[in-house]
Amino acid sequence: MTRDIFNQLIDELDASSKNVLKNKNALYGKKDDPLHNFKAGASIANCTPAQCCWGYLTKHLVALRDKVEYSDWSDRDDLLEKCQDSINYIYFIWLLANETYADQTEPDDNGIVDGATNPTKMLEEFMKNQFNELSNINS
């Protein structure tokens, strides 16, 4: 693969992901809360919105894993959809973590909350806990 093709494919996936994310969110999310579905799902599942999102992401990761496991590259559009959906749920986890952090933090004089590191730490801790729980189940 050449560097130009590499960059073209990354740009294609990125543009497709963001387009789907924004368009589907406009259809699925509440007008005043783009994260509403995760909050409502969390209420039903008795978990946090980020944990609810993780559950939704897991479905897409399994579908993507199956494609990788069987080297099933026959349907490029389907592969693109599975990759972009997985990426989009990671965006949602990022957004949910930032919202949670913003709710727990005072904004500065400009109304900006510094969320550059703490949401990442929250996500890392959540992922570590999920992995540990999965390891405990499998042992």
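The following dialogue covers how to read a predicted protein model.

Student: What should be known about the model before reading it?

Tutor: The model is predicted: local features need pLDDT of at least 70, side-chain atom pairs count only at pLDDT 80 or more, and totals for chains, interfaces and linings use all residues. Residues are numbered from 1 along each chain as its sequence is written, and side-chain values use heavy atoms, with hydrogens and water left out.

Student: What is the mean pLDDT of the protein, and where is confidence lowest?

Tutor: pLDDT is the predictor's confidence in each residue, from 0 to 100. Where pLDDT is low, the predicted coordinates should not be read in detail. The protein has a mean pLDDT of 82, with 77% of its residues at 70 or more. Confidence is lowest in helix 5 (residues 118–138), with a mean of 65, and highest in helix 3 (residues 49–69), at 94.

Student: How many helices and strands are there?

Tutor: Helices (H or I, at least four residues) and strands (E, at least two) are DSSP runs, numbered from the N terminus. The protein has five helices and zero strands.

Student: What separates the C-alpha atoms of alanine 15 and glutamine 84?

Tutor: A distance of 9.4 Å separates these C-alpha atoms, and the two residues are 69 residues apart along the chain.
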